[in-house]
Structures are given as structure tokens and as C-alpha cells.
Amino acid sequence: MMDIDDLVAVSRIIPVITIAQVEHAVPLARALVAGGVRLLEITLRTEAGLRGAARIVAEVEDAIVGIGTVLTPDDLARAVDVGARFALSPGATPALLAAAARCGIPFLPGIATASELMAAMGHGFGTFKFFPALAAGGIPALRALGGPFPAARFCPTGGIGAANAAEWLAEPNVVAVGGSWLTPAAEMRAGNWAAITSRCKAAVVP
Ligand code: 3PG
């Protein structure tokens, strides 16, 4: 099993993907991989998300599929069943944290405050999705959290794009950044996979 260090050694940019049509999943994943982006967060925001993730797991060998928008222990069980290598949530509940602590794949709970961070740390987690990153105070907020929680590591998402990804990645407590900017819905609808590959190549991948 890859742990979080192994995962972020593969890629420090994680596309947050909303699959509208299951047929988009495989060509999209191939376009991302061709652009050097191998870690994928497939969200459970759409009904096609989980089925699309299953197809990518089966057909796109170089993609490392994670499931996002994991809101409940049931969502997490579905992510594990589909073969996800990691999972993320925009937040956390006590039930989700307890399930995630024994789910067998790396899990990043979402936090936006010190108290949420402390609750997740209490379940043994050390790396967190910082969401919604920009709205929750941006880099100054993350730096402030670094004071009392020097060991905590973060994957910020929410408001991150080509213009500011490098700035976030330069923060010492940021292991990776995520966002939807690499996979615009209009390009997926149009099947413009080449544009997605180009955008990945242009993204900062230190
Ligand atoms: C997420 O679910 O991680 C965020 O909604 C992604 O935020 P963005 O659309 O601002 O990149």
C-alpha cells in the first residue's frame, strides 16, 4: 500500500474531478496521465463518479485513483470497494474519522479550524485536506495553524488554480494542492482531452 508520503512523491498536484458522464472517465484519466498528473481525486458529487472511478482503476494502469467527497462511512466503504488507493473528505465527523482510521487506505480528513484539526489528530491522522483553502483564510491561515500544530501536513483545496498553486506548494506544511482547474467541465463535455493534457503539462509539478 502507498502511504501519503509515497503518494505525494508521485505528484504534488491533485485534480479534483467531477465526472458528469461515465464515458468521460477513461479518456479523461488518460489525458491527465499523459500530462504527468497521475494522482486523481474522483469526487462522489455525481452518480457517475464511482462508476467512472471503477473504469479508471480497471483500464488506466498509470492512474492512482483516490475518491473525494467521502462524507460517510458508507462512502468510504464504497471507495475501498472500487479499488481507491486513497480517500479524502471536505470535512470529518466522529463516525467518519473512526471508520477512516481502520479503512486500510490513506485518508485525508478535511479541516478548516484548529478544533477540527485537533479532533482529527485525536484519531491518529497527520495529513489533512485544508478546505475551503482560500475562503478559510488562505496561506496566512495555514501559516497560523502551523504555529500550534508544527507536525500537521496539508493538502489545500478550494480556490487554488494555475495562478497560485506554486505559492501554496512553497509552504513548508503543504505536501500537495488540489483543485478543479485542471479539468474544466466544458472541456470534458466537448471531449477536448488534448487541452486538459496541455494544462497539466503547464501546471507546476515540482
Ligand atoms: C474540492 O472539493 O476540493 C474543491 O471544491 C475544489 O475547489 P476548486 O473547485 O476551487 O478547485
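**Close-up 1. Asp75 and Arg78 form a salt bridge, with 2.7 Å between their closest N and O atoms.** A salt bridge here is a side-chain nitrogen of Lys or Arg within 4 Å of a carboxyl oxygen of Asp or Glu. This is a predicted model, in which local features need pLDDT of at least 70 and side-chain atom pairs count only at pLDDT 80 or more, while totals for chains, interfaces and linings use all residues. Residues are numbered from 1 along each chain as its sequence is written, and side-chain values use heavy atoms, leaving out hydrogens and water. Both partners sit in helix α4 (residues 73–81), 3 residues apart, about one turn of the helix. Helices (H or I, at least four residues) and strands (E, at least two) are DSSP runs, numbered from the N terminus. Asp75 is buried at 12% relative accessible area, whereas Arg78 is partly exposed at 38%. Buried means under 20% relative accessible area, exposed over 50%, and partly exposed in between (1.4 Å probe, protein chains only).

**Close-up 2. Glu41 meets Lys129 in a salt bridge (3.4 Å, N to O).** Glu41 belongs to strand β2 and Lys129 to strand β7 (residues 127–130), so the pair ties together parts 88 residues apart in sequence. Glu41 is buried, at 2% relative accessible area, and Lys129 is buried too, at 6%.

**Close-up 3. Strand β1 (residues 13–17) has 5 of its 5 residues buried, so the rest of the structure largely encloses it.** Ile13, Pro15 and Ile17 are buried on one side, and Ile14 and Val16 on the other.
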